[in-house]
Amino acid sequence: MIPAAFEYARATSIQEAVSLLGRYGEDAKVLAGGHSLIPLMRLRMSQPSALIDVNGIQELDYVRVEGDRLRIGALTRHVTIQHSPEVKASLPVLAEIADEVGDNQVRNMGTIGGVLAHADTAGDYNTLALMLDAEIVTDRRRIPASDFFQGLMETALAPDELVCEVSFPVASGPHHYIKFRRRLFDWAIVGAGAQQLADGSWRVGLTNVGMTPVRARAVEEALAGGAAFDEAAAHASDGLSPSGDLRASPEYKLHLARVLTRRVLERASAA
Amino acid sequence: MAVSQLVGARIHRREDPRLVSGRGRYVDDMTLPRTAYLNVVRSPHPHARILTIDTTAAKAAPGVTAVYVAADFDAVLSGAMPVAPAFVAEKKTVPDRFPLARSEACFEGEPVAVVVAETKEQAEDAAELVEVDYEPLPAVWDLEAALAADSPRAHQDLADNVAWDLTYNADADASFAEAEVTVRQRIQQQRLAPTPMEPRGVMAEYRPQDQAMTVWMSSQNPHFIRLFVSGAMGIPENRFRVVSPDVGGGFGCKISPYPEDYLVPAAAKLLDRPVKWIETRTESVQATTHGRGQLYDVELAGKRDGTMLGLKVTQYLDAGAYVGTFGAFQAVACLVAGGAYDFRQVASRTIAVLTNRVPTDPYRGAGRPEATHLIERTVDIFAREIGMDPVEVRRKNFVKEFPYTNPFELVYDSGDYDKPLRRTLEIAGYERLRREQEEARSQGRLLGIGLSTWIELCGFGPSGATAPATGGLALTESAHVRVFPTGSVTAYVGTHSHGQGHDTTFAQIVADDLGLTMDQVEIRHGDTAEGTAFGYGTYGSRSLAVGGIALHRSCQKVVDKARRIAAHVLEAADEDVVFEKGAFHVKGSPDRSKTFGEITFAAYGMGLPEDMELGLEAISYFDPPNLVWPFGAHLCLLEVDPETGAVTLLRYIAVDDCGNVINPMIVEGQLHGGIVQGIAQALFEEVAYDEEGRLKTGTLLDYMVPTANEIPPIEMDRTVTPTPVNELGVKGVGEAGTIASSVAVINAICDALAPLGIRHVDMPASPDRLWNLIEHARSTAPQGGDR
Amino acid sequence: MKHKIRVTINGQVREDEVAPRQLLVHYLRDVVGLTGTHVGCDTSQCGACTIHVDGKAVKSCSIFAVQADGHEIKTIEGMAAADGTMHPLQDAFWNEHGLQCGYCTPGFIMAAAYLLEENPDPSEDEIRKGLEGNLCRCTGYVNIVKSVQRAAKTMSGKAEPEPASAGE
């Protein structure tokens with residue numbers, strides 16, 4: 001299967017990318033790693049009029065620790081995050097998540113900015129960004145993750161807006177992420193992440209249990225109130241109404257949310 | 001055969017150097033000058049009336065050469081696509097099928113039009129511009145619902161949805177009357193997509209001046225395609241050549257002819273230029289025939305001492321919207337439902353149901369995995385019912401004397417069913433595993449041990465049985481061995497190798513038979529313009545047990561003639577000349593000797609015996625006197641996560657017996673792959689549809705072929721029980737792994753879940769399915785309940 | 001509009017004009033004529049199209065040819081030495097019966113070559129994980145894993161390669 005025809009333009013700077021996006025209009029899309037976009041285009045479920053290739057924008061490929069922030073350029077590939085000593089030291093859960101995104105070939109092409117902008121509810125980074133209050137930095141503003149994810153594959157981005165960076169708080173305390181799936185390279189049926197912050201509080205997030213990534217605030221609050229892991233995890237499904245899919249019914253997803261939340265907390269604190 | 005040097009050895013495959021170098025030659029690797037590309041427009045509806053097809057916009061699109069609907073092919077294609085009798089001689093309803101739907105499209109993916117363009121991009125673009133006005137019709141896919149009197153019909157004009165309803169054997173009443181215990185179970189066989197890594201593909205060229213057609217395609221049996229398509233096009237077989245080059249796997253879905261196999265050559269003739277069509281993966285999952293798709297009701301009658309008396313089986317088979325060319329082969333499950341056991345009576349009935357889905361057809365094992373699954377599952381249920389170890393129940397009831405005639409008059413050729421079972425239990429440490437299981441259970445862990453003592457019938461097949469089954473052509477096999485004057489040999493075989501390694505194993509046989517090195521032997525297959533008049537292809541684990549024997553017999557004919565020439569040259573009596581280690585010598589006088597090469601040269605020279613023609617080549621058609629019956633014992637150890645329903649495979653042990661082995665390396669490889677396909681059915685794969693009957697698993701993201709990570713290490717051994725059916729003592733092994741393995745996994749899961757009172761689990765045993773069962777069991781039954 | 005690209009493929013530089021929508025795998029197969037790289041799916045799961053771009057394994061069905069401009073590509077046809085000697089992985093797949101129909105094999109070899117480049121002494125689990133992006137329907141992966149283990153030994157000098165044709 002071959003994508004429908006489109007125009008192609010290569011950007012070498014943020015400014016050029018934004019101006020190209022403006023020029024080609026709403027039907028243009030950014031081409032980063034392409035591993036979500038190109039299969040959709042081959043199936044002709046996505047038919048952009050133009051692709052703005054940002055792979056040549058060197059300035060978007062970086063990992064920097066500055067103070068209490070881990071700043072990652074949008075074009076940073078999964079493979080870089082997976083092996084980065086800076087990431088492993090400052091936010092090890094992110095490196096562990098990167099290790100389980102797709103497969104080697106996908107990790108060599110796919111980018112963190114692409115995952116954020118695509119806003120798939122099964123995108124594992126998105127859950128981490130949300131639960132840790134990451135900021136998504138674009139060519140024109142800084143968007144808190146809690147405002148960024150607006151719906152199923154919907155974000156706060158304007159059509160001509162480019163994700164440039166994601167800025168995470170540094171956190172190297174107890175952490176874990178469970179990606180529950182049937183085959184190793186599959187997306188999560190349900191994912192659960194836990195990170196203990198320096199002040200001893202927990203952040204807990206869930207993947208693929210709603211239209212957007214989910215922060216399990218009821219769990220966090222229960223833990224803050226002194227609840228044991230299993231008691232707190234029982235709240236993981238509070239307020240959720242996931243839709244069913246090929247791999248899981250809504251009830252099963254809710255159940256997994258609770259079980260995986262308990263396990264992710266247990267494993268995080270046991271590590 | 002002569003002193004064996006190569007047969008039985010782990011010879012590395014001769015086809016591999018080109019394949020590991022990227023120098024294989026698959027259909028899409030070839031393109032002829034002026035090739036045009038064909039794209040198929042398919043119905044997006046499970047069932048719809050075709051009101052109009054407007055091709056105006058598509059015809060006007062850039063690069064488009066032609067847009068055809070059914071009527072455009074009437075001049076070059078005639079008749080309906082073939083349906084073989086197989087195991088159901090009398091069918092009730094067989095809807096006629098033309099390669100393109102005319103007024104009614106009966107499954108999602110059914111071809112309704114084709115677009116031909118200068119490039120594949122243009123063909124795909126233009127296909128989107130073909131405007132088909134559909135009127136959706138009620139569709140049916142649930143087997144039980146389809147049998148109801150008021151069900152929608154799979155085709156508007158059908159009286160009902162029953163393609164066939166055949167009772168092979170009605171009577172098991174005496175056994176059930178005598179029974180102390182009866183158990184019954186309904187068992188699902190989900191639809192599977194065969195998914196060879198190379199999808200299908202066809203390229204055709206017609207040369208009007210010669211009135212000759214050449215088709216290159218990814219096929220398991222090019223001769224049958226030639227037979228069918230040449231007939232539909234009115235081109236004689238001698239001017240219709242089908243070439244099946246390197247083929248990236250078949251697994252049964254490249255046996256039957258498909259619409260594209262007619263449409264591409266027909267378009268090439270209409271356009272007078274080469275035309276190529278390559279299937280996409282999406283098309284492969286949607287419109288290539290599926291396997292399985294069955295539902296079984298099984299009842300077993302037995303005694304408390306473990307004796308199994310009788311069995312009743314009803315097969316409901318989802319035929320799909322048309323009956324697959326060899327779809328009725330799958331009814332074979334009814335004839336071997338008794339498995340490895342000496343049942344006094346087996347009653348069985350097959351009912352095929354027409355539905356609005358792609359037709360089902362053979363997929364690796366075709367009826368035999370289903371038979372193994374139903375009997376091995378039911379035996380376990382029976383064993384649990386009477387509180388006996390599943391090993392003991394099996395042993396008590398094994399067929400022990402051979403040949404054995406089963407209730408359907410099928411004759412099991414040879415076997416020793418306890419032998420591989422003993423070895424499997426020994427490798428597994430069965431007693432220790434059971435103790436570990438007890439310990440695990442006491443900790444709330446769900447460890448399961450599953451057995452499958454499988455048998456199969458393969459090596460189709462005797463002409464008396466198979467000629468009626470194909471509608472006239474017996475499934476024998478042919479081979480043509482040509483010896484060149486200087487002693488090298490080319491052997492043409494009617495089978496087709498698409499991963500099975502025939503280039504190597506067949507060369508081992510020829511080299512041994514003729515006393516040559518492998519390098520002196522060339523094996524050719526897959527081109528109907530070469531070799532014998534008819535070849536029968538590769539499926540049903542038949543290549544070695546039928547084709548290998550034809551090859552061996554051709555070699556024997558060559559040796560016999562060469563011996564007579566040698567006797568003449570050596571001035572000895574024919575019977576005094578011995579062929580040994582590549583040379584002929586006079587008995588008792590090893591110095592009176594001629595090499596094979598000297599004799600082959602003489603065969604093309606002068607001074608042959610008076611009654612002898614020149615040349616040294618031979619053709620054989622082998623018609624086996626019976627089928628062959630491999631068997632074995634598999635054991636799966638796994639653990640179920642009681643909270644999530646996730647299954648972790650821990651060990652998989654397989655001890656199999658396929659008679660004598662030509663190349664153990666290849667036999668092991670066939671088993672590895674087969675076992676994993678069965679595991680994949682047990683745990684991962686299913687073609688799933690939504691509430692409107694539309695495909696949900698159209699890509700490999702959703703159709704879950706497992707990766708290397710979901711598969712446990714496989715521990716293997718072998719027993720050897722040669723068959724008396726052929727002179728090499730060989731059976732078949734291509735399907736054995738798949739026939740055996742799905743039920744070993746499911747039995748292990750049921751064993752793991754037994755403490756919860758769960759008796760049966762259908763496939764795929766996905767985590768959500770198991771979680772549901774576990775939840776249900778916990779909410780409805782007290783611990784230890786057994787229902 | 002077509003775009004001019006300049007790429008190095010198996011050591012040879014070439015320039016072509018490509019339409020933006022031409023997939024890299026189609027460019028390699030249909031334009032360059034390197035048909036050893038196969039297409040097995042539409043959605044990047046199967047890995048049959050795996051090649052190396054700048055030394056990294058990627059799926060050439062999910063990259064446009066135009067994106068390859070300025071990059072270095074290696075395909076299965078570029079794995080053997082200049083004198084035709086097989087790469088240790090090719091030799092190991094042959095020796096260990098790591099292929100049957102052969103269709104997925106080039107992709108597996110390219111994925112495995114990258115894996116061994118990154119991790120010359122992988123455990124069995126690491127091999128299986130390293131090959132998670134490639135599907136095989138024939139071998140059950142058993143002998144593919146053995147092939148990679150064998151190649152790892154050969155490439156690290158722990159074992160002498162032996163000619164496959166010798167058999168046992």
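Reader: In this predicted model, how many residues of chain C are in contact with chain B?

Author: The model is a prediction, and contact here requires C-beta atoms, placed from the backbone, within 7 Å. The elements α2 (88-95), α3 (105-118), α4 (124-130) and α5 (142-155) of chain C each supply at least two residues of the side that touches chain B. That side divides into 22 nonpolar, 17 polar and eight charged residues. Facing 44 residues of chain B, the number of chain C residues in contact is 47.

Reader: Which element gives the most to the side of chain B that touches chain A?

Author: This contact takes 22 residues from chain B and 17 residues from chain A. On the chain B side, two or more residues come from each of α3 (120-127) and α19 (767-780) of chain B. With four residues, the element that gives the most is α3(B).

Reader: How do the residues of the side of chain B that touches chain A divide?

Author: The chain B side of this contact has 22 residues. They divide into six nonpolar, seven polar and nine charged.

Reader: Which are the edge strands of the open sheet in chain A?

Author: Five strands of chain A form this open sheet with antiparallel pairing, in the order β4-β5-β10-β6-β7. Neighbouring strands are turned by 25 degrees against each other on average, direction ignored. Pairing on one side only marks the edge strands, β4 (63-66) and β7 (142-144) of chain A.

Reader: What is the bridge partner of A:Val137 in β10(A)?

Author: Strands β6 (residues 135-138) and β10 (residues 163-169) of chain A run antiparallel and are joined by four bridges. In β10(A), the partner of A:Val137 is A:Glu165.

Technical notes:
Residues are numbered from 1 along each chain as its sequence is written. Chains are lettered from A and ligands numbered from 1 in the order in which they are written. This is a predicted model: local features need pLDDT of at least 70, side-chain atom pairs count only at pLDDT 80 or more; totals for chains, interfaces and linings use all residues. Two residues are in contact if their C-beta atoms, placed from the backbone, lie within 7 Å. Ala, Val, Leu, Ile, Met, Phe, Trp, Tyr, Cys and Pro count as nonpolar, Asp, Glu, Lys and Arg as charged, and the others, Gly among them, as polar. Two strands pair if DSSP finds at least two bridges between them. Axes are lines fitted to C-alpha atoms, for helices over the stretch in contact, and angles run from 0 to 180 degrees between N-to-C directions.
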